[in-house]
Amino acid sequence: MRGRRKLGRGVAVVGAGMSKFGIFSDKDSKYLFAEAFNEMLSTIDKGIDPKDIDALYLGNFTNDFFIHQGHWGPIISDLLGLTPKPATRTEGACASSALAFREGVFAIASGFYDVVLVGGVEEMSKRNTEEVTQGLAMAASPYEVKAGFTFPGVFGAMATAYFAKYGASREHLMNVTIKSHNNARLNPKAQFNVSIRDIMNQKIEKAKDKGNPVPTWRDEKEFLRDSRVNPVVAWPMHLYDCCPISDGASCVLLVAEEIARDFTDIPLYVAGIGQGSGKGLHAKEDLTYFEATRYAAQEAYELSGLKPKDVQIAEVHDCFSIAEILHLEDLGFFKPGEGYKSVEEGLTRLNGPKPINTSGGLKCKGHPVGATGTGQLVEIWKQLRGEAGERQVPIKDLRIGAAQSLGGTGGTCTLTILERR
Amino acid sequence: MEVMPFNDISYERFLSEEKLMGSKCRKCGVFFVPPRTICIKCYGTEMEWIEMKGKGKLAAFTCIAIGPPFMTKEGYDREHPYVCGVVELEEGVRVVARIEGVDGSNPETIKIGTPVQVQFLHRGEGGDLTTFLAFRPL
């Protein structure tokens, strides 16, 4: 990097909202975004006239493919009554709305706008699993697609490389899944709002009701080892290692720092933003980390003057269980090769020293691709303001939270750090 | 003879002729498989084709139970997973490819580091003919 990055002026988040994530046959992209927008408005303590919004940046990966409709910027702008204000769509695969956030920050930091809405939306469930798999694979590198790799396949391959290098195993990945479900159980917006133990009990009750043989899993790991309930998707990625297909929307309102307190007494300031790009699987220097995440992290840490240890909570892009472990290392929270041990020791639990994915993560909260980046920031918003309810982390003086997104198979990665002052 | 452009179209054509080819920078000597049009090391613009021996080691793999339509058409499904992997070639570069001759239903039997040799899978006919890069254990 040449010289230190800086923002022209400070930017703050003053409102954040998301739709429920899940599979909705009766809700479309516009309806979902309206849900997110209305919740966002309700979080702005001192209120706002939506007509004061200067511009919209909207992340969407590929509604073009999923529902044969593109050009979502103006559709959502019109939905919200913002026309003729400008609306710009950003596309960075699963990091699409993280890019919208970043563009919104730049637009305000440059002095051009004062109030910018950033968000994302995706409507995936109208297609079957094979088609969604094909749609998502459009964000992989062309060589991977031709070789037959799917998304879970790329992460599965990285997992085998990680296992071989550091001695980790499938058992370690299960710790990530169990933790995510425990957190999602406390998140009413989550697609899978249940713990693994809840799922086990449901299946046991169902078997009893039907007079079928009753399963006898001793614990969560034995359940996850059972291929009848947790089949292979792309070995070693099994069903419970993978995020689901989801519909949903999310958004946050950004304003210039000097007017932030006109909207709320508890604004969250953008302390750091970073973004990187990465090569295809074959060209990576190493198969056990994401160059683009490391670059994004370095940029965000430099801008903020913060270090990995200063980040008290984080949402990371756990599209697959192995990804959470790799990101924990790439963000510098744990040393390379130690991420899986840290998860096993419980360090990333809700009540641990470094809570990760308190929302339940992509795995359980859901992953409506374009909505995920700002969706992660909705969780950080709630946690830093002490409004996360039952899943509020018990950290005293909670001030710094971060969200990391990964698009494709590591092609686009971002880190955003928010600070409560 | 005119040199084929250093791009994916040429790379695919070489595959159909059972050649695994990359591009080598005439200025700094670094080479890329699949070929790159630009040398991202020295930004030299003169490239030449270089053929790989087709031998290497398995660096990473996955056994895919839910594949895209073009793979399910070949008969692969949840009961018959196929295997994809990353192969580190003897020449020092990596490629992604199908892995043949291993049991996708028993991933524990597939070992990273296994020596592998290139195999070219020709699928389809006439204008639809496509060659897929694959490797199998030696």
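Q: Where is Y43(B) found in chain B?
A: Y43(B) lies in the loop between β2 (31–32) and β3 (47–51) of chain B. Strands here are DSSP runs of E with at least two residues, helices are runs of H or I with at least four residues, and both are numbered from the N terminus. The model is predicted: local features need pLDDT of at least 70, side-chain atom pairs count only at pLDDT 80 or more, and totals for chains, interfaces and linings use all residues. Residues are numbered from 1 along each chain as its sequence is written, while chains are lettered from A and ligands numbered from 1 in the order in which they are written.

Q: How do you know whether E18(B) is buried or exposed?
A: E18(B) has 12 other C-beta atoms within 10 Å, so it is exposed. This residue sits in the loop between α1 (8–16) and β1 (21–25) of chain B, and its phi is also positive, near 60°.

Q: Why is α4(A) called roughly perpendicular to α15(A)?
A: The axes of α4 (residues 96–109) and α15 (residues 372–384) of chain A come within 5 Å and cross at roughly 70°. Axes are lines fitted to C-alpha atoms, for helices over the stretch in contact, and angles run from 0 to 180 degrees between N-to-C directions. Angles of 65 to 115 degrees count as roughly perpendicular, under 35 as roughly parallel, over 145 as roughly antiparallel and the rest as oblique. The pair is therefore roughly perpendicular.

Q: Which residues of α4(A) and α15(A) meet?
A: S96(A), S97(A), A98(A), A100(A) and F101(A) in α4(A) meet T372(A), G373(A), T374(A) and L377(A) in α15(A), contact requiring C-beta atoms, placed from the backbone, within 7 Å.

Q: Which peptide bond involving P84(A) is cis?
A: The bond joining T83(A) and P84(A) is cis, with omega about 5°. P84(A) is in the loop between α3 (72–79) and β3 (87–90) of chain A.

How values were computed. Buried ≥ 20, exposed ≤ 12 C-beta atoms within 10 Å, placed from the backbone. Contact = placed C-beta atoms within 7 Å.
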